[in-house]
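My entries follow in the order I checked things.

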Amino acid sequence: MKSNRLNYFILTLSVMILGILSRKIANAPLFIGDVLYAVLIYFGLRFLFINLKTHKTFLISLLFCFCIEVLQLVQIDWLIAVRKTTLGHYVLGQGFLWLDILCYLIGTLVAYFSDKLFLSSGIN
């Protein structure tokens, strides 16, 4: 079990670095970062809740991503101030886009099936 948690931790950090790099590379399409964000949330949840079944992790991570996107429609002063910080921008985003919902779905599906095929060994 410890090795699985370590694998999820390494994956989470790796995806985080890739996501940040995807925003720094000039020619990288912006949707790549959104897909990687969903992958990061999935593997981060797997790291934190190692015994949670994969399908539940899928649903929770997808719901989390969707909530973050819908939250971008809320324009409260303190929330806008948080979004202007680097960390706030990375976590909360800037503006609502329907395409981001699709990217989150794709990213979560990629993470879920990767987990089922390569990491969870059919346990969950």
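Is Phe58 buried or exposed? I find Phe58 buried, because its relative accessibility is 15%. My cut-offs: buried is under 20% relative accessible area, exposed is over 50%, and partly exposed is in between, with a 1.4 Å probe and protein chains only.

Ground rules next. This is a predicted model, where local features need pLDDT of at least 70 and side-chain atom pairs count only at pLDDT 80 or more, while totals for chains, interfaces and linings use all residues. Residues are numbered from 1 along each chain as its sequence is written, and side-chain values use heavy atoms, with hydrogens and water left out.

Entry: aromatic pairs. I get 7 aromatic pairs in the structure. Rings of Phe, Tyr and Trp (its six-membered ring) pair if their centres lie within 6.5 Å; planes under 30 degrees apart are stacked, over 60 edge-to-face, and the rest tilted. I looked up Phe58 and Tyr112, a tilted pair with 5.4 Å between centres and 55° between planes. Phe58 is in helix α3 and Tyr112 in helix α6, so this pair ties together parts 54 residues apart in sequence. Helices are DSSP runs (H or I, at least four residues), numbered from the N terminus.

Tyr112 is also buried, at a relative accessible area of 15%. Tyr112 pairs with Phe113 as well, edge-to-face, at 5.1 Å centre to centre and 70° between the planes. Phe113 counts as partly exposed, because its relative accessibility is 47%.

I noted one aromatic cluster, formed by Tyr8, Tyr42 and Phe43.

Entry: Thr108. This residue lies in helix α6. Thr108 is buried, with 0% relative accessible area. A polar atom of the Thr108 side chain lies 2.7 Å from the backbone oxygen of Tyr104.

Entry: the largest pocket. I read a volume of about 680 Å³. A pocket is an open set of points on a 1 Å grid over the protein atoms alone, where a 1.4 Å probe fits, with protein on both sides within 12 Å along at least five of seven lines; lining residues have an atom within 4 Å of a point. Grid points join across faces, edges and corners, and the volume is the space filled by probe spheres set on them.

The lining of the largest pocket has 31 residues, with Arg23, Asp34, Tyr37, His89 and Tyr90 nearest its centre. Helix α2 gives the largest share of this lining, 8 residues.

Definitions and conventions. Helices (H or I, at least four residues) and strands (E, at least two) are DSSP runs, numbered from the N terminus. A polar contact is a pair of N or O atoms within 3.5 Å; within protein, one must be able to donate a hydrogen and the other to accept it, and residues adjacent in sequence count only if both atoms are side-chain atoms.
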